[in-house]
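Hi,

Here is the structure I promised to pass on. Have a look at it first, then read my notes below.

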Amino acid sequence: MLIGELARQTGCEVETIRYYEREGLLSAPQRSSSGYRRYTAEQLGELNFILHCRSLGMSLADIRNLAAFKADHDHDCEDINLLIDQQIAKVHQQVEALRLLEQQLLALRDKCHDSRAAADCGILQTLVEAAEGAPCVCHTPFGQDNHGHSQNYDHAAKKNGRSNKDRP
């Protein structure tokens, strides 16, 4: 099959396939007499393996290691377990970073509860002040602003005319 067909079957961009070839993750295909790449079922399997690993957030270096393990059937899988454990640890770090980001954004959102002109928007004012060196509410401990609102302030309730006191 030609590179376009491989791309269609896998959902992978043609340039990405070429990149994986250059990086040595995907074995080089045979070339036709006119120079076109001719991929086989083996390369389709290799590419699907790479894409599956990428969907799990694995780096190209990790995929290269896993491919080497796959080629060496006698290798002990302890190194594979370690690689996956390291990936799990990275995911935990990313989740924590996203939780912190969410708290920061909620604290920033807490700066504006009403519909106003942009010049009077508490969010925009906070961002401008922080850019000028003032302390930023979204970077205070525990996501609390100067009004004592926490990241749990219900902005939807305020917007819909309900009081935050009415929250369960």
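A quick definition before the numbers: a residue is called buried when its relative accessible area is under 20%, exposed when that area is over 50%, and partly exposed in between. By that rule, buried residues account for 29% of the 168 residues in the protein chain. Do keep in mind that this is a predicted model.

**The chain as a whole**

You'll find seven helices and two strands in the protein chain. Reading from the N terminus, the order is α-α-β-β-α-α-α-α-α. The chain exposes about 11400 Å², and 53% of that comes from carbon and sulfur atoms. As for contacts, if you take those between residues at least 6 apart in sequence, 44% of them link residues at least 24 apart.

How do α1 and α2 pack? Their axes are 9 Å apart, and the angle between helix α1 (residues 3-10) and α2 is about 105°. On the α1 side, the contact is made by Ile3, Gly4, Leu6 and Ala7, while α2 brings Val14, Ile17 and Arg18. Sorted by class, this contact of α1 with α2 has five nonpolar residues, one polar and one charged.

**Glu21**

Further along α2, which spans residues 14-22, sits Glu21. Is Glu21 buried or exposed? Its relative accessibility is 15%, and because buried means under 20%, Glu21 counts as buried. Which side chain does the side chain of Glu21 meet in a polar contact? That would be the side chain of Arg37, at 3.1 Å.

**Ala28**

Ala28 belongs to the loop between α2 and β1 (30-31). With a relative accessible area of 61%, Ala28 is exposed, since the cut-off for that word is over 50%. One more distance, in case you want it for a check: the C-alpha atoms of Ala28 and Arg18 are separated by 9.4 Å, and the two residues are 10 residues apart along the chain. Arg18 is also one of the α2 residues that make the contact with α1.

That's what I have for now.

Cheers

Notes. Residues are numbered from 1 along each chain as its sequence is written. This is a predicted model: local features need pLDDT of at least 70, side-chain atom pairs count only at pLDDT 80 or more; totals for chains, interfaces and linings use all residues. Side-chain values use heavy atoms; hydrogens and water are left out. Helices (H or I, at least four residues) and strands (E, at least two) are DSSP runs, numbered from the N terminus. Buried means under 20% relative accessible area, exposed over 50%, partly exposed in between (1.4 Å probe, protein chains only). A polar contact is a pair of N or O atoms within 3.5 Å; within protein, one must be able to donate a hydrogen and the other to accept it, and residues adjacent in sequence count only if both atoms are side-chain atoms. Contact means heavy atoms within 4.5 Å. Accessible areas come from the Shrake-Rupley method with a 1.4 Å probe; for residues, only the protein chains shown count as cover. Axes are lines fitted to C-alpha atoms, for helices over the stretch in contact, and angles run from 0 to 180 degrees between N-to-C directions. Ala, Val, Leu, Ile, Met, Phe, Trp, Tyr, Cys and Pro count as nonpolar, Asp, Glu, Lys and Arg as charged, and the others, Gly among them, as polar.
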